[in-house]
Amino acid sequence: MKFGLVAFAALALSFGAKAQDINEAIELFNKANQNFTGKQYDQALADANKAYQMVTAIGNAEGEEVATLKTNCEKLMQVIPYLQAKDLAVQKKYDEALAKIAEAKTATEKYNDAEVVKEVKELYPQLYSAKAVELLTANNFQPAIDAYKQVIALDPGNVDAYVRMGYAYDKLSDEENAISNYEKGLDAAVAANDEADANTAKGQLAVIYLKKAQADLQAKKFATANSFAKKSNEYNESANAYYFAGTSAMQLKKNDEAIASFEKAQALGLSNPQMDQTISYYLGTMYEAKGNKAKACANFKKAAANAQFKAYAESKVKTLCN
């Protein structure tokens, strides 16, 4: 970014001692500006501070040049810690960068240069986000969560922060907070018309509810397993979620619902042939109970490929398919 700084020549002013002070302040500022251009930021900041103190002591009655000198000193005192923060971020020294951006923020609150205020405001959440990504990559999940909370405090609509924080909570087995943050990320993504991040949040929510459905199915908690499987499909349809929904519905004696879920699972395509054959066995028994011999027959034929169901399925084929 280019900041509007002005290099000054010594002014031939007839102010006596004040003229000498002004020219000394100009010399200090020009030195600060030169060091600033050469990225000697600490020395530049020290000289800018000295020049500013001198020009402030002179007062505002000495003309436009003095006022401009004062404004340029103020800008340098805001810009330098901002650029130091950027350089530290490139070096991945995020805590040091955050300390510098805090200095820049304090300076902007005092001197209020609109251009620098905007840049500082944008960099703050970027620094926390970069720090959080590094922590997340290193599997330091709780510190990453703390950093993402800072991002959200500064940028409440930050979709990426919510989604990544959901992931960190998920890794800590904190389902409640994982779900809450994925949902907030999804809402923010929809509001921002961000389809890619919306799909990411939906996918993660679907996986969480799929795991919950599987766990409850194994624990024979069929009602909640069914509810969780349906919730998973609301976010992202999958053959496995429909399989869990069908199995739990069948255990709850909701055969029509079970049939619909099983057939949807098969339509989406199951990667496990044994699961596919198991579904066909279940469908065969339910269609037989409904008196639909044709569909019962077709499903028992498919189930006969599974050693577990072979004998029974073949006997049903003989009975139903003739």
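Which residue forms a salt bridge with Lys100? The partner is Glu103, and the closest N and O atoms of the pair are 3.6 Å apart. Welcome to this predicted model, which holds 14 salt bridges.

**Salt bridges within a helix**
- Lys100 and Glu103 both belong to helix α4 (residues 94–111), where they sit three residues apart, about one turn of the helix.
- Lys100 is buried, at 18% relative accessible area, whereas Glu103 is partly exposed at 38%.
- Lys310 pairs with Glu314 in a salt bridge whose closest N and O atoms are 2.8 Å apart.
- About one helical turn separates Lys310 from Glu314, because they are four residues apart in helix α15 (residues 310–320).

- Asp276 and Lys302 meet through their side chains, with an N to O distance of 3.1 Å.
- Asp276 is in helix α13 (residues 273–289) and Lys302 in helix α14 (residues 293–303), so this pair ties together parts 26 residues apart in sequence.
- Asp276 counts as buried, at 18% relative accessibility, while Lys302 is partly exposed at 36%.

**Helices α7 and α8**
- The axes of α7 (residues 159–171) and α8 (residues 175–191) come within 8 Å and cross at roughly 160°, which means that α7 is roughly antiparallel to α8.
- The crossing of α7 past α8 is left-handed.
- Residues making the contact include Val159, Tyr162 and Met165 of α7 and Ala178, Tyr182 and Lys184 of α8.
- By class, this contact has 10 nonpolar, four polar and two charged residues.

Definitions and conventions: Residues numbered from 1 in each chain as written. Predicted model: local features only at pLDDT ≥ 70, side-chain atom pairs only at ≥ 80, totals over all residues. Heavy atoms only, no water. Axes fitted to C-alpha atoms, helices over the stretch in contact; angles between N-to-C directions. Helix = DSSP H or I, 4+ residues; strand = E, 2+ residues; numbered from the N terminus. Parallel < 35°, antiparallel > 145°, perpendicular 65-115°, else oblique. Left-handed = near helix turned anticlockwise from the far one by under 90°. Contact = heavy atoms within 4.5 Å. Nonpolar A, V, L, I, M, F, W, Y, C, P; charged D, E, K, R; others polar. Salt bridge = Lys/Arg side-chain N within 4 Å of Asp/Glu carboxyl O. Buried < 20%, exposed > 50% of the residue type's maximum accessible area, 1.4 Å probe, protein only.
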